[in-house]
Structures are given as structure tokens and as C-alpha cells.
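Me: I have a structure open here and would like to talk it through with you. Could you go over it with me, starting with the pockets?
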Amino acid sequence: MADNLIAGECLCGVVRFHISGAFESFFLCHCSRCRKDSGSAHTANLFSTTATVTWLSGEESIKTFRLSGTRHTKSFCSECGSALPIALPELGLLVVPAGSLDSRIDIQPNAHICYSSRANWDHDLTSIEKIDELPG
């Protein structure tokens with residue numbers, strides 16, 4: 001995209017955004033909070049201390065949940081529930097769920113974090129069958 005803008009949106013398309021700037025890190029977090037957020041083995045979040053988000057549409061549909069007593073925060077679309085970017089000025093961070101992006105990115109995950117707390121079924125997943133489409 002022009003000017004290195006990265007495009008993204010929620011599943012229903014109500015919330016659309018651009019990210020301007022570079023990501024410094026990309027972590028796959030296996031902590032129990034992130035597993036509950038994603039409903040899966042881990043979250044996949046990009047982090048930047050310099051990038052900014054510009055909301056193109058649907059900003060009024062963004063909801064934010066902060067888990068009391070923790071730094072755990074999640075923004076999501078109130079229509080479809082998709083995870084969305086969140087600016088955390090108190091930490092000097094922009095956190096962007098990788099799955100919310102439509103544009104290609106040039107960064108690969110840096111690490112699995114909180115790996116020791118991963119789900120009991122999250123082991124040796126590379127050995128299971130790989131199917132390119134829905135099983136039928």
C-alpha cells in the first residue's frame with residue numbers, strides 16, 4: 001500500500017483501519033488469558049512503540065475490555081466480536097491482532113511467550129494432518 005499503510009478490518013467489515021509505521025515485535029502468547037480471548041491455543045499480536053492506527057469506519061462499534069487487577073486489555077468489534085488494535089499509552093504501545101490485518105506484513109513471529117502455560121493439548125501440533133480446505 002502507499003506510504004507503507006497496513007489495512008485491516010473486523011470480520012463483519014463495520015470497523016476498518018490503517019496502521020502506519022513499523023512493528024518491532026510479534027509474539028504468540030499461550031497464557032490462559034490470551035487463550036480465552038482467542039478461543040484457541042494462543043493469540044498472535046504485533047507490537048509497536050511508534051506505529052499509529054487510523055480508524056476509517058466503525059470506531060463507535062469498538063468496545064474495550066480491561067481485566068481488573070491486570071494489564072490484560074482487549075478491543076473488539078461490538079457487532080462481530082473480532083479482535084481489533086488497541087493503543088495502550090500507559091505502556092507506550094500499539095497492540096495489533098495479526099489476524100485483523102488484510103495487508104501482508106514483513107515480520108515473522110519472534111517467539112512463543114508464556115509457553116509453559118500452554119494448553120495440555122498444545123503439543124507436537126506439526127505432526128498432525130494438514131488439510132487445505134474444510135474436511136468433508
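Me: How much space lies in the largest pocket?

Reply: Keeping in mind that this is a predicted model, the largest pocket holds about 790 Å³ of space.

Me: Which residues lie nearest its centre, and how many line the largest pocket?

Reply: The lining of the largest pocket is made up of 33 residues, and those nearest the centre are Cys 34, Thr 43, Asn 45, Thr 73 and Val 95. The elements that contribute two or more residues to this lining are β3 (25-29), α1 (32-38), β4 (43-48), β7 (73-77), β8 (83-84), β9 (86-88) and β10 (93-97).

Me: And by class, what does the lining of the largest pocket have?

Reply: Sorted that way, the lining of the largest pocket has 18 nonpolar residues, 10 polar ones and 5 charged ones.

Me: What volume does the second largest pocket have?

Reply: The volume of the second largest pocket is about 230 Å³. It is lined by 12 residues, and Asn 4, Ile 6, Arg 104, Ile 105 and Asp 106 are the closest to its centre. By class, the lining of the second largest pocket divides into 7 nonpolar, 3 polar and 2 charged residues.

Me: Are Cys 10 and Cys 29 buried or exposed?

Reply: Cys 10 counts as buried at 3% relative accessibility, and Cys 29 is buried as well, with a relative accessible area of 9%. For the protein chain taken as a whole, buried residues make up 35% of the 136 residues.

Me: OK, zooming out, what does the secondary structure of the protein chain come to?

Reply: The protein chain has 1 helix and 11 strands, and read from the N terminus the elements follow the order β-β-β-α-β-β-β-β-β-β-β-β. Its radius of gyration is 16 Å, close to the 14 Å given by the globule rule for 136 residues, so the chain is as compact as a globular protein of that length. The C-alpha trace spans about 40 × 40 × 30 Å along its principal axes.

Me: Which strands form an open sheet, and in what order?

Reply: An open sheet is formed by 3 strands in the order β6-β7-β8, with antiparallel pairing. Between β6 and β7 the antiparallel pairing runs over 5 bridges, and Phe 65 stands opposite Lys 74 in β7.

Me: What about β1 and β2, how many residues are between them in the hairpin?

Reply: There are 6 residues between β1 and β2 in that hairpin, and Gly 13 in the turn has a positive phi of about 85 degrees. The two strands, β1 (residues 5-9) and β2 (residues 16-20), run antiparallel and are joined by 5 bridges, with Leu 5 opposite Ser 20 in β2.

Me: Which residue in β5 does Ser 20 stand opposite?

Reply: In β5, Ser 20 stands opposite Thr 52; β2 and β5 (residues 52-57) also pair in the antiparallel sense, over 5 bridges.

How values were computed: Residues are numbered from 1 along each chain as its sequence is written. This is a predicted model: local features need pLDDT of at least 70, side-chain atom pairs count only at pLDDT 80 or more; totals for chains, interfaces and linings use all residues. Side-chain values use heavy atoms; hydrogens and water are left out. Buried means under 20% relative accessible area, exposed over 50%, partly exposed in between (1.4 Å probe, protein chains only). On a 1 Å grid over the protein atoms alone, a cavity is a set of points where a 1.4 Å probe fits but cannot get out, and a pocket is an open set with protein on both sides within 12 Å along at least five of seven lines; lining residues have an atom within 4 Å of a point. Grid points are joined across faces, edges and corners, and a volume is the space filled by probe spheres set on the points. Helices (H or I, at least four residues) and strands (E, at least two) are DSSP runs, numbered from the N terminus. Ala, Val, Leu, Ile, Met, Phe, Trp, Tyr, Cys and Pro count as nonpolar, Asp, Glu, Lys and Arg as charged, and the others, Gly among them, as polar. Two strands pair if DSSP finds at least two bridges between them. The radius of gyration is taken over C-alpha atoms; the globule rule is 2.2 Å times the number of residues to the power 0.38.
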